[in-house]
Amino acid sequence: MNRVLVSMQEDLEEPVWFSKIETFELDLLEKLGYDGQEISILFCNDDFIRDLNKNYRDIDSPTDILSFENGEEYTDDEGKKWLSAGDLIISLDTLPKNAEYFKVSQNEELKRLLIHGTLHLNGMDHADEHVESGVEPECEMLKLQEKILKSLSQIELI
């Protein structure tokens, strides 16, 4: 069993697909074999993620997703051990730009971002390599990301 908290930046309207994110993320965690994880996902705009990117990565520009790994463990009142895996922050402004760049649907790109962030929260990294349009990834994280994405192609979020 895992826990996922999905929220929206204040003053932003929830997209019609917002309610599907928790179920998708729970299914993704199960598919990856993770158990006892807590993850929070915040959807925001470019200004919000730009501020985070500047403060935490010293990069003064918006980005598609930020992952903040926590890694702390705790036991709840019923004796179940939990891993607070961390937080995913996804820009709703950058999502359609990425989809256009990669020549994919926003549905596919949203799933890619959720998979990507979840892998980061679980210790995977891609160093300086990034997914590029028309280029096969070389590092294990990005290969796994694309493999999982293909296996979830039938799921419609957006």
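Colleague: In this predicted model, which residue of E2 is the bridge partner of Val4?

Modeller: The strands to look at are E1 and E2, which pair in the parallel sense over six bridges. Within that pairing, the partner that Val4 finds in E2 is Ile39.

Colleague: What is the order of the strands in the open sheet, and which are the edge strands?

Modeller: The sheet is open, has four strands with mixed pairing, and runs in the order E1-E2-E4-E3. From one strand to the next the twist averages 15°. Pairing on one side only is what marks a strand as an edge here, and the strands that do so are E1 and E3.

Colleague: At about what angle to E3 does H2 run?

Modeller: Helix H2 covers residues 46-57, and a loop links it to strand E3, residues 65-75. H2 lies across E2, E3 and E4, and its angle to E3 is about 70°.

Colleague: Why do the buried residues of H1 line one face of the helix?

Modeller: The residues concerned are Ile21, Phe24, Glu25, Leu28 and Leu29, and what covers them includes E1, E2, H4 and H5. Seen down the axis of H1, these buried residues line one face because they fall within an arc of 135°.

Colleague: Which element gives the most to the largest nonpolar core?

Modeller: That core has 32 residues, and those with the most contacts inside it are Ile21, Ile41, Phe43, Leu110 and Leu114. At least two residues each come from E1, H1, E2, E4, H4 and H5. With six residues, the element that gives the most is H4.

Colleague: Leaving aside residues up to four places away in sequence, which residues does Leu110 touch?

Modeller: Leu110 is among the residues with the most contacts inside the largest nonpolar core. In general, nonpolar side chains of soluble globular proteins tend to be buried together. With those sequence neighbours set aside, the residues touched by Leu110 are Trp17, Ile21, Phe43, Leu95, Leu157 and Ile158.

Colleague: Does Thr63 count as buried or exposed?

Modeller: Thr63 is found in the loop between H2 and E3, where, not counting residues up to four places away in sequence, Thr63 touches Asp46, Ile49, Asn53, Ser91 and Thr94. The cut-off for the buried class is under 20% relative accessible area. Since the relative accessibility of Thr63 is 16%, this residue counts as buried.

Colleague: What joins the side chains of Thr63 and Asp64?

Modeller: Thr63 belongs to the loop that comes between H2 and E3. What joins its side chain to that of Asp64 is a polar contact of 3.3 Å.

Technical notes: Residues are numbered from 1 along each chain as its sequence is written. This is a predicted model: local features need pLDDT of at least 70, side-chain atom pairs count only at pLDDT 80 or more; totals for chains, interfaces and linings use all residues. Side-chain values use heavy atoms; hydrogens and water are left out. A nonpolar core is a set of buried Ala, Val, Leu, Ile, Met, Phe, Trp, Tyr and Cys residues joined through side-chain atoms within 4.5 Å. Buried means under 20% relative accessible area, exposed over 50%, partly exposed in between (1.4 Å probe, protein chains only). Contact means heavy atoms within 4.5 Å. A polar contact is a pair of N or O atoms within 3.5 Å; within protein, one must be able to donate a hydrogen and the other to accept it, and residues adjacent in sequence count only if both atoms are side-chain atoms. The arc is that of the directions from the helix axis to the C-beta atoms. Two strands pair if DSSP finds at least two bridges between them. Axes are lines fitted to C-alpha atoms, for helices over the stretch in contact, and angles run from 0 to 180 degrees between N-to-C directions.
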